[in-house]
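Hi there,

Here is the structure I promised to pass on to you. Please open it in your viewer, and then read on for what turned up in it.

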Amino acid sequence: QLQLVESGGGSVQIGGSLRLSCASSVPLNDYNFMGWFTQALDGTRVTVAALMTDGGATYYSDSVRGRFTISQDSAKNTLYLEMNNLKPEDTAVYFCAAAQVYDYTPGNWYKPELYNYWGQGTQVTVSS
């Protein structure tokens, strides 16, 4: 059964760092893309960072570019999100997700509606 399990969330002070992990029950190259997402108050999911598992491209939202790094370890079937210089506005539940799709464009591959497998989420809280 295909499963994604996040870990690594927690509480950290402003300016601190965390590394989120997402363990997959299947090899990462079974997916086209993987990413990290948060959920807005209205339930809308927002892309934080995403990557093509073949190494083709990465995506970062404007709010995290330069502070967060998404990476994958194929030997461990694990996706990571390195989070540095954390700010209070980074506080959220972070979801790992993966996409197995065959119809996408350069402009939409990182959008949450294309992702069809989701983890349960891990809480990140940033405070002073």
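Some ground rules before the rest. This is a predicted model, in which local features need pLDDT of at least 70 and side-chain atom pairs count only at pLDDT 80 or more, while totals for chains, interfaces and linings use all residues. Residues are numbered from 1 along each chain as its sequence is written, and side-chain values use heavy atoms, with hydrogens and water left out. Helices (H or I, at least four residues) and strands (E, at least two) are DSSP runs, numbered from the N terminus.

**Strand β8 and its partners**

Two strands count as paired if DSSP finds at least two bridges between them. With β3 (residues 18-24), β8 pairs in the antiparallel sense over 6 bridges, and S21 has Y80 as its bridge partner in β8. Strand β7 (residues 68-73) also runs antiparallel to β8, joined to it by 6 bridges; here I70 stands opposite L81. β7 and β8 form a hairpin with 4 residues between them, and N77 in the turn has a positive phi of about 50 degrees.

**Aromatic rings**

The whole structure holds 8 aromatic pairs. Rings of Phe, Tyr and Trp (its six-membered ring) pair if their centres lie within 6.5 Å; planes under 30 degrees apart count as stacked, over 60 as edge-to-face and the rest as tilted. One of the pairs is Y31 with Y117, tilted, at 6.4 Å centre to centre and 50 degrees between the planes. Y31 lies in the loop between β3 and β4 (33-39) and Y117 in strand β10 (residues 117-118), so this pair ties together parts that are 86 residues apart in sequence. Y31 is buried, with a relative accessible area of 2%, whereas Y117 counts as partly exposed at 27%.

W109 and Y110 form an edge-to-face pair, 5.7 Å centre to centre with 90 degrees between the planes, and both residues are buried.

A charge sits over a ring if NZ of Lys or CZ of Arg is within 6 Å of the ring centre and within 35 degrees of the ring normal. The charged end of R45 sits over the ring of W118, 4.1 Å from its centre, and R45 lies over the face of F95 at 4.9 Å from the ring centre.

**The largest pocket**

On a 1 Å grid over the protein atoms alone, a pocket is an open set of points where a 1.4 Å probe fits, with protein on both sides within 12 Å along at least five of seven lines; lining residues have an atom within 4 Å of a point. The largest pocket is lined by 14 residues, and S63, V64, E89, D90 and Y94 lie nearest its centre. The elements giving two or more residues to this lining are β5 (45-52) and β9 (92-99), and the largest share, 3 residues, comes from β5.

Best wishes

Notes
Buried means under 20% relative accessible area, exposed over 50%, partly exposed in between (1.4 Å probe, protein chains only).
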